[in-house]
Amino acid sequence: AILYYSQATRFSRSAGGYFGRASMLFELRKPDLANEILREAGELNSRTSAELSEIAAAYWRGQQFEDAAKAFRVVLERRPLDHQVLLSLAQLYVAQLQQPEKAQPYIASLIENYPADARGWLLKSAGKSEAECHEALKKYLSLVDRNDPYETSMIAQAEARINVLETQGVGVHKQ
C-alpha cells in the first residue's frame with residue numbers, strides 16, 4: 001500500500017506529496033530513489049518553509065542528520081520562534097548527532113519562548129552539570145503529561161536519573 005501511494009505521489013510537487021515520498025522511500029529501504037528526490041530539491045533557500053520541513057523530515061528518516069539539521073536551520077532563519085522546528089533541531093543535535101553543545105541555543109530559545117514545554121526541559125538536561133541536569137529533569141517531571149504513553153519510558157528514565165543524582169547528594173538540601 002505504501003509503495004502504491006509512493007507511486008501515486010510521484011509527480012506531485014507539493015511539499016507533502018513530493019518530499020513526503022522521499023520519507024516513504026527511506027521507510028521502504030529504497031534510499032537511492034529517496035536521495036534522488038532530495039537532490040532534486042535543489043537550493044534549500046528556494047524552498048518554502050513547509051517544503052523545508054518535509055525535506056528535513058525525509059533526511060532524518062534516511063539518517064542523514066547533518067542534511068536534516070541544515071534544512072531545519074534554514075527554516076529557523078525565516079521563523080526563529082517556530083516551536084516544532086526548535087524542538088526538532090534540539091532533539092536532532094542531542095539524540096542523533098550526539099552534540100548537545102550545539103543544541104543549547106535552540107533549547108534556550110525553546111525554554112525562553114515555550115517555558116511550559118516539558119520536552120524542552122528534558123533536552124536541557126543533556127550535557128549539563130549534575131546540578132543543572134537535576135533541575136531540568138525536575139522541571140520536566142513537573143510539566144510532562146504523565147498520561148501520555150509516549151512519555152512513559154522518558155519519565156521512568158528521568159526519575160531514575162534524579163534518584164541517582166540525589167543519592168550522590170545533588171539537589172538534596174541538607175539541614
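Visitor: Is isoleucine 107 buried or exposed?
Guide: In this predicted model, isoleucine 107 is buried, because its relative accessibility is 1% and the cut-off for buried is under 20%.

Visitor: Which helix is isoleucine 107 found in?
Guide: Isoleucine 107 is found in helix α7.

Visitor: And what does isoleucine 107 touch, leaving out residues up to four places away in sequence?
Guide: With those set aside, isoleucine 107 touches Ala90, Val94, Gly120, Leu123 and Lys124.

Visitor: How many residues apart in sequence are isoleucine 107 and leucine 123?
Guide: They are 16 residues apart in sequence, and their C-alpha atoms are 6.9 Å apart in space.

Visitor: What about leucine 87, buried or exposed?
Guide: Leucine 87 counts as buried, because its relative accessibility is 8%. You'll find leucine 87 in helix α6.

Visitor: What does leucine 87 touch?
Guide: Not counting residues up to four places away in sequence, leucine 87 touches Leu110, Asp117, Arg119, Gly120 and Leu123. Leu123 is also touched by isoleucine 107.

Visitor: OK, zooming out. How many helices and strands does the protein chain have?
Guide: The chain has 10 helices and zero strands. Of its 175 residues, 45% count as buried.

Visitor: What share of the contacts with a separation of 6 or more is between residues 24 or more positions apart?
Guide: Those pairs account for 46% of such contacts in the protein chain.

Visitor: Which residues touch the most other members in the largest nonpolar core?
Guide: That core has 53 residues, and the ones touching the most other members are Ile55, Leu89, Leu92 and Tyr140.

Visitor: Pick leucine 89. What is it in contact with?
Guide: Leaving aside neighbours within four places in sequence, leucine 89 is in contact with Ala69, Phe72, Arg73, Leu76 and Tyr106.

Visitor: And Ile55, which buried residues of α4 go with it?
Guide: The buried residues of α4 are Ser49, Glu51, Leu52, Ile55, Ala56, Ala58 and Tyr59.

Visitor: How far does helix α4 reach?
Guide: Helix α4 covers residues 49-61, which is 13 residues, and reaches 18 Å from its first C-alpha to its last, close to the 18 Å expected at 1.5 Å a residue. Just after α4, glutamine 63 takes a positive phi of about 60°.

Visitor: Where is Tyr140, and which residues of α9 are buried?
Guide: Tyr140 is one of the buried residues of α9, along with Cys133, His134, Ala136, Leu137 and Leu141. What covers them includes α8 (118-124) and α10 (152-167).

Visitor: Some of those numbers are three or four apart. Why would residues three or four places apart point the same way?
Guide: An α-helix has 3.6 residues a turn, so residues at that spacing face the same way.

Visitor: What span should α9 have?
Guide: At 1.5 Å a residue, the 14 residues of α9 (residues 130-143) should span 20 Å, and the end C-alpha atoms are 20 Å apart, which agrees.

Visitor: New topic: what volume does the largest pocket have?
Guide: It has a volume of about 260 Å³. Of the 16 residues that line the largest pocket, the closest to its centre are Val94, Arg119, Leu122, Leu123 and Met154. The elements giving two or more residues to that lining are α6 (83-96), α8 and α10.

Visitor: Now the loops. Where is arginine 29?
Guide: Arginine 29 sits in the loop between α2 (15-27) and α3 (31-40). Its phi is positive, about 65°, although arginine 29 is not a glycine. Arginine 29 is exposed, with a relative accessible area of 72%.

Visitor: And where is glutamine 98?
Guide: Glutamine 98 is in the loop between α6 and α7 (100-113). The phi of glutamine 98 is positive too, near 55°, and glutamine 98 counts as exposed because its relative accessibility is 59%.

Notes:
Residues numbered from 1 in each chain as written. Predicted model: local features only at pLDDT ≥ 70, side-chain atom pairs only at ≥ 80, totals over all residues. Heavy atoms only, no water. Helix = DSSP H or I, 4+ residues; strand = E, 2+ residues; numbered from the N terminus. Expected span 1.5 Å × (residues − 1). Buried < 20%, exposed > 50% of the residue type's maximum accessible area, 1.4 Å probe, protein only. Contact = heavy atoms within 4.5 Å. Core = buried A, V, L, I, M, F, W, Y, C linked by side-chain atoms within 4.5 Å. 1 Å grid on protein atoms, 1.4 Å probe; cavity = no way out; pocket = protein on both sides within 12 Å on 5 of 7 lines; lining within 4 Å. Points joined across faces, edges and corners; volume = space filled by probe spheres on them.
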